Amino acid sequence: MRFSKLRLTGFKSFVDPTELLIHDGLTGVVGPNGCGKSNLLEALRWVMGENRPTAMRGGGMEDVIFAGASSRPARNFAEVCLTMDNSERLAPAGFNDSDQLDIVRRITRDVGSAYKANSKDVRARDVQMLFADASTGSQSPALVRQGQISELINAKPKARRRILEEAAGISGLYQRRHEAELKLKGAEQNLARVDDVIETLA
Ligand code: ATP
């Protein structure tokens, strides 16, 4: 799948609806300091399911909503839509029924985040897994933020291994393993409770 468009509304400094077309080949974003280049990268990470406010340079997730300026009031919501070209039908099952895939994340003050895939409600986890399986999740090493290169150079071997695993496209498996382990633990606790009940009845 290829990213073809990013649309931001009320996201950080992008208060008015703004569309960025992503054509084939290399896309460069240039502009003066503070014009919003890093905000664009954060919007990409956010729509893929990033949930750590620190990764968005904020104290809470609602900090991604336009906070107002001297001439404009703050907004009540922020929305990012990432459009992908799915004409080769490379999207995973459940997302693979059309040539174009629009993933939308919207956050509303005091309500929280909601996700849609081609206008249908989906869970955050579904979106996170979609991008993890496509080897381009919100924490993908393909998205390089400022200061990250020196962090990588100083990283411990375990952190470097994570990067190689992401590149190999197996990071989605980790999430699934973690969820399977939680389910197993729950089942073991239930079994222990059943044993207790059987013992008291015997
Ligand atoms: P540099 O080249 O210096 O790294 P940049 O082009 O990457 O800059 P960003 O860091 O993306 O710029 O944008 C910073 C701008 O975004 C600042 O002007 C900041 O006030 C604005 N900004 C960040 N969050 C919000 C928000 N929630 N509401 C309004 N403006 C915001």
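Predicted model: local features only at pLDDT ≥ 70, side-chain atom pairs only at ≥ 80, totals over all residues.
**Overall layout**

- The protein chain has 202 residues, and 22% of them count as buried.
- Along the principal axes, the C-alpha atoms of the protein chain fill a box of roughly 75 × 40 × 40 Å.
- If you take the contacts in the protein chain with a separation of 6 or more, 55% of them come from residues 24 or more positions apart.

**The sheet**

- Six strands make an open sheet with antiparallel pairing, in the order β2-β1-β3-β4-β5-β6.
- The edges belong to β2 and β6 (120-122); each has a single partner strand, so one side of each is left without a neighbour in the sheet.
- From one strand to the next, the twist averages 20°.
- As background, strands of a sheet pair through backbone hydrogen bonds, either parallel or antiparallel.
- β1 and β3 run antiparallel and are joined by seven bridges; here threonine 9 stands opposite glutamate 79 in β3.
- β4 and β5 also run antiparallel, with six bridges joining them, and threonine 108 sits opposite glycine 112 in β5.
- Three bridges hold β5 to β6, again antiparallel, and lysine 116 is placed opposite aspartate 121 in β6.

**Helices on the sheet**

- Helix α1 (residues 37-47) has these buried residues: Leu40, Glu42, Ala43, Leu44, Arg45, Trp46 and Val47.
- Their cover includes β1 (2-9), β2 (18-21), β3 (77-85) and β4 (100-108).
- A reminder for reading any such helix: an α-helix has 3.6 residues a turn, so residues three or four places apart point the same way.
- Just after α1, glycine 49 takes a positive phi of about 110°.
- Back in the sheet, seven bridges join β1 to β3; α1 packs on this sheet, touching β1, β2, β3 and β4, with its direction at about 80° to that of β3.
- Helix α2 (residues 124-133) packs on the sheet too, where it touches β4, β5 (112-117) and β6. The direction of α2 makes about 60° with that of β5.

**The nonpolar core**

- How many residues are in the largest nonpolar core? There are 29, and those touching the most other members are Phe11, Ala43, Leu44, Val47, Val64, Val80 and Leu82.
- The elements giving two or more residues to this core are β1, α1, β3, β4 and α2.
- In soluble globular proteins, nonpolar side chains tend to be buried together.
- Valine 64 is worth a click: leaving aside neighbours within four places in sequence, valine 64 is in contact with Phe11, Lys12, Trp46, Met56, Gly58, Ala78 and Ile107.

**Positive phi in the loops**

- Lysine 12 is found in the loop between β1 and β2 and has a positive phi of about 50°, although it is not a glycine.
- Is lysine 12 buried or exposed? Lysine 12 has 23 other C-beta atoms within 10 Å, so it counts as buried, the cut-off being 20 or more.
- Asparagine 118 takes a positive phi near 45° in the hairpin of β5 and β6, which has two residues between the strands.
- The hairpin of β4 and β5 has three residues between the strands, and aspartate 110 there takes a positive phi near 65°.

**Around the ligand**

- The ligand is surrounded by 14 residues, and the closest are Asn33, Lys37, Ser38, Asn39 and Ala67.
- By type, the shell around the ligand divides into four nonpolar, seven polar and three charged residues.

Terms used: Residues numbered from 1 in each chain as written. Near = placed C-beta within 6 Å. Nonpolar A, V, L, I, M, F, W, Y, C, P; charged D, E, K, R; others polar. Buried ≥ 20, exposed ≤ 12 C-beta atoms within 10 Å, placed from the backbone. Helix = DSSP H or I, 4+ residues; strand = E, 2+ residues; numbered from the N terminus. Contact = placed C-beta atoms within 7 Å. Pairing = 2+ DSSP bridges. Axes fitted to C-alpha atoms, helices over the stretch in contact; angles between N-to-C directions. Core = buried A, V, L, I, M, F, W, Y, C linked by C-beta atoms within 7 Å.
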